[in-house]
Amino acid sequence: MSEIETNIQKTEIFLAGLNHKTAPVELRERIAFSQEEILHALEVLSNKPGIGEITIISTCNRVETLIVAHNKSEAIGNIKKFISELKQIPLELFDESLYVHEGDKAVRHIFRVAASLDSMMVGEPQILGQVKEAYYTSTQKKTSGVILNRLMHRAFFVAKRIRTETGIGDNAVSISYAAIELCKKIFGRLNGKKTLLVGAGEMAELAVEHLIRNKAGDIIVANRTFEKGVELANRFNGYAVKLDEITEYLKSADIIISSTGSKNFIITRDQVKAVMRTRKNRPLFFIDIAVPRDIEPEINRLNNAYVYDIDDLQGVIDENIENRNKESVKGERIVDEAVINFRKWRESLEVVPTIVALRKKFDLLAEAEVKKTLKSLNGLSLDEKNAIHTMTNSLINKILHEPTLFLKRNGCKGDHSIYIDITKKLFNLDS
């Protein structure tokens, strides 16, 4: 029996797991698999009775096993028992957090996961890479087969299509990234723009990393503790200055990102007004991530000076999240379409054993007749014998072409067994 025949007969796709919607972070942390544990789990579970194929996805927000199995209760029972023993957690502590999807629901779930429609933040790009990594691991361990190979490749295709055809990944949904998107709106391109980093907050550092990816120019760090400023500047190939020197550097900087712990404004309207003439009114962009704020809001009233504080950025993010959620409706439609197409592919596999048996029957009959014919024809050259074999194969191909198309087209519609049974009886394929 071929691999395809083995996998399609009485097997179904199941997905069992938990995620950020069903389990608190404390439980997800305990259940999460390391890469070594995934390799071990694939080896153990793929040898359990009834489990034909398996892939395991483990991220900070989800642990999911995707399997092709003959017996749902047996396969899912084995998975639960394995997790309980591996993680030393009684089943009753995580059983209620587990969900099990079957058939179309399992297919739809994995498509939504890969496309980031099931993520805590819709449209986040990391999940697709994590799903690809999980699949790659299962291919390395040879625990994926015909069904999961097809399913995962379709999931990658669906994810790419949704990202291309919808706007779920278009808008910034982090403070640091939103800040850089605003910079782009003001400057167009960020190439060569000089950044003054005031303080050493984590979000400011992330913003600088985004700036560097956008090919921004020099990074200057002004920090209350000069030594720490030097240390931070070195990480970005920049240089450090003292807080007292900020006014001087306002003359040349294009972007100021501030995140100190100061209770008072670090940069005032008067400071900025004094340098704008020197700057010849080139735009000056302030990102104030500090609470209390570092940048005096009145600066915003100066021509070509733009100040955004954390509330402004949060407002941008909230709007972007709403836009992503609206776009996810289009993504769900693409997923629904992909689920239907995948189901059709699976159903089409059900006629494969009959088509294979039909071909085999014709080959055996033809081979026997050709053998008798060649025996009665003495003196044929090797080329002439080969020509008879070629003609016979060509004839079989042409005879079976239409029946094969018919079975593929109709053998998976409605009652799957009607056309398959008729074909088997017509050609006595079960004997």
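Modeller: Helices and strands are here DSSP runs, helices of at least four residues and strands of at least two, numbered from the N terminus. The model discussed below is a predicted one.

Biologist: How many helices and strands does the secondary structure of the chain come to?
Modeller: Counted as such runs in this predicted model, the secondary structure of the chain comes to 17 helices and 10 strands.

Biologist: Why is the chain described as more spread out than a compact globule?
Modeller: The C-alpha trace spans about 110 × 60 × 40 Å along its principal axes. For 431 residues the globule rule gives 22 Å, and the chain lies well over that value, so it is more spread out than a compact globule, with a radius of gyration of 32 Å.

Biologist: What share of the contacts in the chain with a separation of 6 or more comes from residues 24 or more positions apart?
Modeller: Of the 431 residues, 45% count as buried. Among contacts with a separation of 6 or more, the share that residues 24 or more positions apart account for is 73%.

Biologist: How far apart do the centres of the positive and negative side chains lie?
Modeller: The chain exposes about 22800 Å², of which carbon and sulfur atoms supply 51%. The chain has 62 positive and 59 negative side chains, and the centres of these two sets lie apart by 5 Å.

Biologist: Why does the pair of F285 and Y308 count as tilted?
Modeller: The structure holds seven aromatic pairs, and in this one the ring centres of F285 and Y308 are 5.6 Å apart. Planes under 30 degrees apart would count as stacked and those over 60 as edge-to-face. The planes of F285 and Y308 stand at 40°, so the pair is tilted.

Biologist: Which strands hold F285 and Y308, and is each residue buried or partly exposed?
Modeller: F285 counts as buried because its relative accessibility is 0%, whereas Y308, with a relative accessible area of 24%, is partly exposed. The pair links distant parts of the chain, 23 residues apart, with F285 in strand β9 (residues 284–288) and Y308 in strand β10 (residues 305–309).

Biologist: Which residue do ring pairs link with F342 and W345 into a cluster?
Modeller: The rings of F342 and W345 have centres 5.5 Å apart and planes at 40°, so this pair is tilted. Because F342 and W345 are three residues apart in helix α14 (residues 310–349), about one helical turn separates them. F342 counts as buried at 4% relative accessibility, and W345 is buried with a relative accessible area of 17%. The residue that ring pairs link with F342 and W345 into a cluster is F111.

Key:
Residues numbered from 1 in each chain as written. Predicted model: local features only at pLDDT ≥ 70, side-chain atom pairs only at ≥ 80, totals over all residues. Heavy atoms only, no water. Rg over C-alpha atoms; globule rule 2.2 N^0.38 Å. Buried < 20%, exposed > 50% of the residue type's maximum accessible area, 1.4 Å probe, protein only. Contact = heavy atoms within 4.5 Å. Areas by Shrake-Rupley, 256 points an atom, 1.4 Å probe, with all protein chains shown as cover. Lys, Arg positive; Asp, Glu negative; His and termini not counted. Charge placed at Lys NZ, Arg CZ, Asp CG, Glu CD. Phe/Tyr/Trp six-rings, centres within 6.5 Å; stacked < 30°, edge-to-face > 60°.
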